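This report goes through selected local features of one protein model, moving from backbone geometry to aromatic contacts and then to a pocket.

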Amino acid sequence: MASAPASPEKILTSSLTEKELLAKGQELQKEVKIESVGSIVPNDSSICKVYKRRWLILILFVCYSMSNAFQWIQFAIINKLMVEYYGVSEEWIDNTSLIYCFVYIPLIFPATYLLESKGLRVAVLLGSFGTAAGTWIKVLSASPTLFWVAFTGQTVVAISQIFILGIPPLLAAVWFGSDQVSTATSIGVFGNQLGIALGFYLPSQLVQNGTVEEVTAGLSRMHYGTASVTSAIFILAIFFFKDKPPTPPSFAQAALASCEENYVVSMKRLLSNKGYLLLLLSYGLNVGVFYAISTLLYSFIIKYFPGADEDVGRIGLSIVLSGMVGSVISGLILDKTRRYKETTLVIYFLSLVGMLAYTFTLPWGNHISLIYVVMAALGFFMTGYLPVGFEFGAEITYPESEGTSAGLLNCSVQIFGLVMTPITRAILNSSIGDIGANLTLCGFLAVGLLMTALIKPDLKRLAAQKSGLSPA
C-alpha cells in the first residue's frame with residue numbers, strides 16, 4: 001500500500017528550526033522563480049502522490065546495478081590466477097578494476113546531461129544494454145591469448161556504469177515521498193554493493209587454480225552466467241522500467257516541475273556552492289580509499305596469510321555485506337531524524353577509526369578470523385557512508401538535479417580512486433610496506449573528516465518540502 005505524505009509535524013527539523021526552514025523555503029521560492037498559488041495541505045493527493053509501482057522500479061534498478069558492479073572486481077580479486085593465466089602483469093589486472101574510474105571521469109558530463117534531458121528510462125536502458133553487451137564480449141575472452149578481448153569487454157561494462165552510480169538519489173526523489181527518499185536511496189546503493197559483494201566471492205568459487213583447461217572452463221562459466229543475467233535484466237527493463245510517475249511524490253518535486261532547467265547554469269551553481277565543493281572532496285576521499293582497499297585487498301591479505309586466496313574473497317564479501325546493512329540503517333536514520341551533517345560526521349569518523357584498526361590488526365593479528373571482524377566493521381561504516389553523502393549533497397544543492405549532484409560526487413570518487421590505488425600499490429611494494437600504505441589512506445580520511453566538519457548544513461530541499469512550494 002502506498003504510504004501517505006507526512007504531516008508538517010512529522011517532517012523533522014534537523015540543525016535548522018521550523019521557522020528557519022520556512023524562511024529558507026520562501027528564499028528558494030524566489031531563487032527558482034516558482035509562483036505560489038496558495039498554501040498546500042500535506043494530504044492534498046492531487047498535488048503529491050506515491051505509487052506502488054515505485055518498488056518495482058527500484059527493484060529493477062537494484063538488479064541492473066548489481067549486474068554491473070559484480071564485474072568491477074571480478075578479475076582483480078583473483079589477481080595471481082589471472083596474472084598466470086593471461087601472462088600479464090599485476091598492474092594490468094588492477095587496471096581491469098581501474099578502467100571503471102578512467103572512463104567515468106570524461107563521460108560523466110555527457111551522461112548527466114543525457115539523464116537530465118532524456119530522463120531515467122533512456123539512461124537505464126542504455127546502461128543495461130551496454131552491461132549485457134560488454135559481458136557477451138567477455139564470453140569470447142576465455143583463452144590465455146585473449147586478455148585484450150577481456151579488457152575490451154570490461155571497458156564496455158565500465159562505460160555503462162556512468163548510467164548507474166548517480167541514479168539512486170534521483171530515482172528516489174522522482175518516485176518516493178519525502179518520508180522514504182533517504183531509505184530508497186540507500187536501497188538503490190544497496191544494489192551496487194550487492195554486486196560488489198558477489199564480485200568478491202563468486203570469482204574465486206567459479207574460477208579455481210588448476211590446468212589451463214580448468215581455468216578456461218571456470219572463466220566460461222562465470223561469463224556465460226553473467227551474460228545470461230544481464231540480458232534478462234535488460235529485457236525486463238524494456239517492458240517495466242518507467243521514467244517518472246504521473247504525479248510528483250513530494251512538494252519538493254512538485255516545485256521542480258515548473259523550473260526551467262539549464263544544464264550549464266545548474267553545473268555552474270553546483271561548482272560555486274562552497275558546501276558542496278567541500279562535500280565533493282570529502283566524499284571522493286572516503287570512497288576513493290574504499291576503492292583502493294578493494295582493488296588491492298588480495299595483495300594486502302596474501303602478504304600475511306599465504307595461500308588464503310578464498311579467504312580474500314570472503315573478507316571482501318564481509319566488507320560489502322556489512323556495508324549493505326550500514327547503508328540501509330543510515331537511510332532509515334536520515335528519514336527519521338533529518339540530521340544530515342551529524343550523521344555524515346559520525347560515520348566518517350568511525351570509518352577513520354575502522355581504517356586505523358585494520359592498519360594495525362593486519363600485521364599483528366595472529367588469526368585471519370580477526371581480519372574478518374575488523375574489515376566487516378570498516379565496511380559497515382565506510383560503505384554505509386555512500387547513501388548518506390548522496391542525500392547530504394541533494395539537500396545542500398536543491399533545486400539542482402540529484403542525478404547531476406550525485407554524478408559529480410562519483411566523478412570525484414573515480415579521480416581519487418585513480419590516484420590512491422597506484423600510490424597505495426607503490427607504497428605497499430616499497431620498504432615502507434603495508435603499514436605505511438594504510439597510514440597514508442588514514443591520512444586521506446582524516447583530511448576528509450575535517451572538510452566534512454566545515455560544511456554548513458544548509459538543508460534547502462527540506463526547507464522546500466516544509467514550506468509546501470508548488471508550481472504555478
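## Backbone geometry

Arg338 is found in the loop between helix H13, which covers residues 309-337, and helix H14, the latter spanning residues 340-364. The model is a predicted one, and in it Arg338 has a positive phi of about 60 degrees although this residue is not a glycine. Most residues other than glycine have a negative phi, and most peptide bonds are trans. With a relative accessibility of 4%, Arg338 falls below the 20% cut-off and therefore counts as buried.

A further backbone feature concerns the peptide bond that joins Tyr398 and Pro399, which is cis, with omega at about 15 degrees. Pro399 has its place in the loop between H16 and helix H17, the latter comprising residues 402-428.

## Aromatic pairs

The structure holds 16 aromatic pairs. In one of them, the ring centres of Tyr348 and Tyr385 lie 5.3 Å apart and the planes meet at 75 degrees, so this pair is edge-to-face, given that angles over 60 degrees are classed in that way. Because Tyr348 lies in helix H14 and Tyr385 in helix H16 (residues 385-397), the pair ties together parts that are 37 residues apart in sequence. Both Tyr348 and Tyr385 are buried.

Another pair is formed by Phe380 and Phe381, whose ring centres are 5.0 Å apart and whose planes stand at 85 degrees, so that this pair, too, is edge-to-face. Phe380 is partly exposed, with a relative accessible area of 27%, and Phe381 is likewise partly exposed, with a relative accessible area of 22%. Elsewhere, ring pairs link Tyr85, Tyr86, Trp92, Phe147 and Phe151 into a cluster.

## The second largest pocket

About 240 Å³ of space lies in the second largest pocket. Its lining is made up of 14 residues, and those that lie nearest the centre of the pocket are Leu81, Gln208, Asn209, Tyr298 and Asp309. The elements that give two or more residues to this lining are helix H3 (79-86), helix H12 (274-304) and H13, and H3 gives the most, with three residues.

Note on methods:
Residues numbered from 1 in each chain as written. Predicted model: local features only at pLDDT ≥ 70, side-chain atom pairs only at ≥ 80, totals over all residues. Heavy atoms only, no water. Phe/Tyr/Trp six-rings, centres within 6.5 Å; stacked < 30°, edge-to-face > 60°. Helix = DSSP H or I, 4+ residues; strand = E, 2+ residues; numbered from the N terminus. Buried < 20%, exposed > 50% of the residue type's maximum accessible area, 1.4 Å probe, protein only. 1 Å grid on protein atoms, 1.4 Å probe; cavity = no way out; pocket = protein on both sides within 12 Å on 5 of 7 lines; lining within 4 Å. Points joined across faces, edges and corners; volume = space filled by probe spheres on them.
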